[in-house]
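The following report describes how the chains of one model are built and how their parts meet. Please keep the sequence and the structure in view while reading.

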Amino acid sequence: MDDLYRDFILEHYKRPRNFGELDEHDHEAHEVNPLCGDELGVQIAVADGRIADLRFQGHGCAISQAAASMASEQLIGMEVDEVAGLGAGWMLDLLGIDVSATRRKCALLSLKVVRHALTGDGSWPSDAA
Amino acid sequence: MSEVKLASPAALDVRADFPILAREIDGRRLVYLDSSSTSQKPASVLAALDDYYRNHNANIHRGVYPLAQEADALFEGARARIAAFVNWPAASTIFTRNVTEAINLVAYSWARANLHPGDAVLITQMEHHSNIVPWQLAAQATGAELRYLEVGEGGTLSLEQLDRELGRGDVALLALTHVSNVLGTINPVAEIVRRAHNAGALVLIDGAQAVPQLEVDLQAIDADFYGWTGHKALGPTGVGVLHARAELLERMPPFLAGGDMIATVEAQHSTWNELPWKFEAGTSMIAQVIGLGAAIDYLDALGMARVRAHEQALTAYALERLAALEGVRVFGPPGAAQRGGVISFALDGIHPHDVGELLGRRNVCVRASHHCAQPLMRVLGVAATARASFGPYNVAADVDALIDAIGEAQEVFEL
């Protein structure tokens, strides 16, 4: 078994959850990873202060795509205020693999674009939260 | 297969000249296939750098004491050999930080004084960002138009489209790469220059990928500006070269201003030093130029015809082995004769970043990125590619290691 390309990572990469378009949405954002040219967009519908639905669009490496897919399953139903406060640690714990420094942005791109859509803050998620 | 190739008359095996290739990481030898990004350095280059600092270190162009004269002789001697290597006069051979700065020198000094609204700068879709962005800024600053020659199916330019563009009568400058850093395409630059000159256009050529692997004769190519960089040609980082037509340089205003580039400085104005020093402001990259001189001596001793034959044979072997794999797509011209020692490829179902990571675990060093050529990536319909590129120190066994590592990557992804 590969340490990075675990079976669940490859499973999410090959069959990503919540990818597509969300015609009725309240928030959206689009990000490019300048290192590799990977792109990820998100559309988010909010109801009663919670993420009611969410779809990602884009292309990227196995780490960035699996991270988006795994995050989407957690984010739907979560309070918007809580999502705004999520940091890098949340995403890396969720992924459950050791991510090297060079692949860290791949892992964090999906959380970055979601926070950008919800709060307008397009900065990279920090370790603090 | 590899033994057959190693025994061919074209084969070189100079690995022992490159100390870094003796390194092992996690018990595996280094399979360095990223020479298009930067080359490895032979021991003679490292020795030249060390010898300069250890025995001859002094500033150049100033001191009258013997040590400074030694440094001067080493620096200007390297310039003379570097210029002769590509058959161009030393007096119009200028040192810059890299090829990016060489192109910027022309884009600022020549373009801003000579481009006007109604003029066009013609570049190609296969340019590195360093030969795109300076022209975007120059076009914005002068009101000139920036137009592109397209890259066709086989990864080549169309001379018919070139003639159509030149026929519009407004092209002041054609700027293009000699060898593509992504596709490997060797452009017929002498023929392209001839056509551009007939249409009254000047030509700048980015030779960053060409000088390290081809016999380059600048008199035969006849370009007005030709830039390249030392660190891809077995030399140190921090030194690039711009060869230019002396009469153009004489008329151009300086690029960077300061010490060394002046003749006299009055309170309100100055006059300029002779060529090439007019374009070399401040203390030069002395050690790096001396190191590049040693790199050129090394390449010259190998013989560039032999280097080219060796890398072409390796490229042909790699193309043949890649073609035999399932799920591999190779970009660029089909034959090794039409391309330099660089192969961009995509694996079905595996993103280039993951290819780079998985190959890296076998110490197979390839580039996985857009290669600073985002317009070309759009033409190819990909965000990025994986790229293997060769230097004179690569051998057929390196290609075998690449092929094995690709197979293992496909296994990890269960393809």
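Two strands are taken to pair if DSSP finds at least two bridges between them. The model described here is a predicted one, and with that meaning of pairing in mind, the bridge partner of B:V328 in β14(B) is B:L347.

## Strand β14 of chain B and its neighbours

Strand β13 of chain B, residues 328-330, runs antiparallel to β14(B) and is joined to it by three bridges. β14(B) is also joined to β17(B), again in an antiparallel arrangement, through four bridges, and within that pairing B:I343 has B:A388 of β17(B) as its bridge partner.

How many of the residues of β14(B) are buried? Six of its six residues are, and the strand is accordingly described as mostly covered. B:V342, B:S344 and B:A346 point one way from the strand, while B:I343, B:F345 and B:L347 point the other way, and the residues of both sets are buried.

## Overall build of chain B

Chain B contains 14 helices and 17 strands. Its C-alpha atoms fill a box of roughly 70 × 55 × 35 Å along the principal axes, and its radius of gyration of 22 Å agrees with the value near 22 Å that a compact globule of 415 residues would have.

Of the 415 residues of chain B, 51% count as buried. When contacts between residues at least 6 apart in sequence are considered, 72% of those in chain B join residues at least 24 apart.

## The two domains of chain B

Chain B is divided into domain 1, which takes in 2-32 + 303-412, and domain 2, which takes in 47-300. The centres of these two domains, taken over C-alpha atoms, are separated by 28 Å. Where they touch, 24 residues of domain 1 of chain B are in contact with 22 residues of domain 2 of chain B.

On the domain 1 side of this contact, α11 (304-323), β14 (342-347), α13 and β17 (385-389) of chain B each supply at least two residues, and α11(B) gives the most, with five residues. The residues on that side divide into 13 nonpolar, seven polar and four charged.

## The largest nonpolar core

The largest nonpolar core of the model has 160 residues, and those with the most contacts inside it are B:V121 and B:I290. Helix α10 of chain B, residues 286-302, gives the most to this core, with 10 residues. The core also draws at least three residues from each of domain 1 and domain 2 of chain B. In soluble globular proteins, nonpolar side chains tend to be buried together.

Which residues does B:V121 touch, leaving aside those up to four places away in sequence? They are B:W135, B:A138, B:A139, B:A144, B:L146, B:A172, B:L173 and B:A175.

## Chain A

Chain A has five helices and three strands, and read along the sequence these follow the pattern α-β-β-β-α-α-α-α. The radius of gyration of chain A is 13 Å, close to the 14 Å that the globule rule gives for 129 residues, so chain A is as compact as a globular protein of that length. Along its principal axes, the C-alpha trace of chain A spans about 40 × 30 × 25 Å.

Of the 129 residues of chain A, 36% count as buried. Among the contacts in chain A with a separation of 6 or more, residues 24 or more positions apart account for 63%.

## Where the chains meet

The contact between the chains takes 12 residues from chain B and 11 residues from chain A. On the side of chain B that touches chain A, α12 (352-360) and α13 (374-380) of chain B each supply at least two residues, and the residues of that side divide into five nonpolar, five polar and two charged.

Methods
Residues are numbered from 1 along each chain as its sequence is written. Chains are lettered from A and ligands numbered from 1 in the order in which they are written. This is a predicted model: local features need pLDDT of at least 70, side-chain atom pairs count only at pLDDT 80 or more; totals for chains, interfaces and linings use all residues. A nonpolar core is a set of buried Ala, Val, Leu, Ile, Met, Phe, Trp, Tyr and Cys residues joined through C-beta atoms within 7 Å. A residue is buried if 20 or more other C-beta atoms lie within 10 Å of its own, exposed if 12 or fewer, and partly exposed in between; C-beta atoms are placed from the backbone. Domain bounds come from an automatic or database domain assignment. Two residues are in contact if their C-beta atoms, placed from the backbone, lie within 7 Å. The radius of gyration is taken over C-alpha atoms; the globule rule is 2.2 Å times the number of residues to the power 0.38. Ala, Val, Leu, Ile, Met, Phe, Trp, Tyr, Cys and Pro count as nonpolar, Asp, Glu, Lys and Arg as charged, and the others, Gly among them, as polar.
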